[in-house]
Amino acid sequence: MTSVLVIGYGNPLRGDDGAGRLVAGALYDAWPESRVRVEASHQLLIEMAAAAAESDFVVFIDAARDGAPGTVTQRPVLPEPASDDSLTHHLTPETLLAAARLWYGRAPEAALICVGGGDFSHGERLSPPVAAALPELTSRVRALVCARLEASHA
Amino acid sequence: MSRIIEIDPVTRIEGHAKITLHLDDNEEVQDARLHITQFRGFEKFVEGRPFHEMPSLMARICGICPVSHLVASAKACDALMAVRVPETGVLLRKFMNLAQIVQSHALSFFHLSSPDLLLGLDSDPAKRNILGLAAVNPAVARDGIALRRFGQKAIELLGGRRVHPAWIVPGGVSSPLTAENRDALRASLPEAFAIAERTLEWFVPLMPRFVEEIRTLGQFPSHYMAMLDENGRWEHYAGKLAVVNPQGKIVREIESARYQDVIGEAVEDWSYLKFPYYKHLGYPDGLYRVGPLARLNAAKGFGTPKADHAFAEYRKMENGPVTSSFHQHYGRLVEILGALEEMQAILDDPRILDTRVRAEAGANASEGVGMSEAPRGTLIHHYKIDDRGLITWANLIIATGHNNLAMNKGILQAAKIYVKAGKLQEGMLNRVEAVIRSYDPCLSCSTHAAGAMPLHIQLVAPGGAVLDELRRGA
């Protein structure tokens, strides 16, 4: 049976940066079945590699500095080790998957769903374009997770 | 012609710092300074806030050790309220503080320092990280992850969230422990014990490999400060603050509220981090150390079998206090074992499910001090309030601050041995950084910053010309 890990991350005190975390929080109880686990986090943590390795598919939700504010994009994520020696503060989805493969011998398939951010300054409010994009961001995550679950039933 | 070498920023620590190495006319290192270049200002901007908000506000000081600040802050508020925290409230606070110590020590030992320990200080810096460990010992990396998850899970089960839980409150804790969560915590302990024990088993025999590091990385006699229980044993929540001299003798034991009898605070215009000192010796001679090294030099033991055995082996290294800062790595492993045994005892305590966990009161005193042992050392929160219960003054002494003089001295010692004026070399500079990393400094606490931390070193002539330069990372 397919298991899916959803990780929404970002700093809710830095405006649009908190969008991913906000969406993950809203999806906490979306899938009562134990095959989907949702995590809302300030940032990606290296210990999430263990949970990733235990999953068949990981959905990362983030806000990006590049891209037009409020534009939702989706791309696959492949494992790729970090090129610098600091892993405590700045961890990418690619590095997290690389850690899962190196330590646990398994990197799941993964996708990153991103919303372009417009305002990353101090504050808890999302900019209007990002706030308006939240329903689409949420529905894209739902659709992706449901598609993976249905595929495993087929 | 004198000149200065800069290491900016220092990597694999929590926060931002740079080092300048000052050379004399003979190109020998004459002085070394650790500059903390970030400013936080918590002590000032809490003025005017209601005292009962302080634990939640103070937890925001740090994303690594918010629980430590919650504990010290809540204890200061207990003093302002003049209440006795219910026994079960104390036990639950202790349990969360211990979980914090375990997860933070795991981060320091496995994630931040084990690349130096297992890959070597002269290894390729691009691979000298926890991912690089996978090539030589993936089991160690997995153990680090598992132990940190254990501590975080424990905090999450108690506080409802992993980072910045608001469960520790003035007067106790906000909700009791459920039987279901107690059982879940109990079930997770055996794996944590197994990791702690097998890590000691592989790390201790490696010690001869580090003879040079032990000799050169912060190896000097000093005073030490740590909290002790009424029997002189390792303590992290209550008890008195003990001052230990370089011969290992306790020379002062004071109640937390009287910390200013023994600790003074100095400032320098080249760092945002204060320089606490032992008043009896003045500034800057009053250098003292806190944290694992200090706690294990001050304590007679843990009072629990596994940790006491590990402690006895640890203390055999020297006939007297253990003086090398490098041994803080070993000390953290001993403390993890002690913390796990105390966590086990707390979960086995029949009072642990009692629902009376919080004392309610308003302000009944104008001044309160809270002291606890954070992973990095003694943590002091001191507040004064007005008649409306609003903060009029706050003073925080953070573990990394206590160790400021010691870190500067350790850097100078290492630099004198390893840094010569010729071409700058990566491994040489990492040894200077390794001194700092042994203290596991949390600069976010002591003065957070996000982003990669590349290394940039400059050799600068008095006129400002860059004579030599070394970069790594982004």
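**Note on the predicted model: chains A and B**

1. Chain B has 15 helices and 16 strands. Helices here are DSSP runs of H or I with at least four residues, strands are E runs of at least two, and both are numbered from the N terminus. Of the 474 residues of chain B, 54% count as buried. A residue is buried if 20 or more other C-beta atoms lie within 10 Å of its own, exposed if 12 or fewer, and partly exposed in between, with C-beta atoms placed from the backbone.

2. This is a predicted model: local features need pLDDT of at least 70, side-chain atom pairs count only at pLDDT 80 or more, and totals for chains, interfaces and linings use all residues. Residues are numbered from 1 along each chain as its sequence is written, while chains are lettered from A and ligands numbered from 1 in the order in which they are written.

3. Start with the core. The largest nonpolar core holds 183 residues. Such a core is a set of buried Ala, Val, Leu, Ile, Met, Phe, Trp, Tyr and Cys residues joined through C-beta atoms within 7 Å. Among the members that touch the most others are A:Val6, A:Ala52 and B:Ile411. Helix H4 (residues 87-119) of chain B gives the largest share, 15 residues. Domain 1 (3-41 + 420-472) and domain 2 (84-218 + 328-358) of chain B each supply at least three residues; these bounds come from an automatic or database domain assignment.

4. A:Ala52 deserves a look. Leaving out residues up to four places away in sequence, A:Ala52 touches A:Leu5, A:Val58, A:Leu96, A:Leu97, A:Ala100 and A:Pro108. Contact requires C-beta atoms, placed from the backbone, within 7 Å.

5. Next, strand S1 (residues 4-9) of chain A. S1(A) pairs with S2(A) in the parallel sense over six bridges. Pairing requires at least two DSSP bridges between the strands. A:Val4 has A:Val36 as its bridge partner in S2(A). Six of the six residues of S1(A) are buried, so this strand is largely enclosed by the rest of the structure. A:Val4, A:Val6 and A:Gly8 lie on one side, with A:Leu5, A:Ile7 and A:Tyr9 on the other.

6. Strand S2 (residues 36-41) of chain A has a covered face of A:Val36, A:Val38 and A:Ala40. Its uncovered face carries A:Arg37, A:Glu39 and A:Ser41.

7. Chain B has an open antiparallel sheet of three strands, ordered S12-S13-S14. The twist averages 10 degrees from one strand to the next. Helix H3 (residues 66-81) of chain B packs on the sheet and touches S12 and S13. The direction of H3 makes about 150 degrees with that of S12(B). Axes are lines fitted to C-alpha atoms, for helices over the stretch in contact, and angles run from 0 to 180 degrees between N-to-C directions.

8. Within that sheet, six bridges join strand S13 (residues 377-385) to S14(B). B:Tyr383 stands opposite B:Ala394 in S14(B).

Conventions. Two residues are in contact if their C-beta atoms, placed from the backbone, lie within 7 Å.
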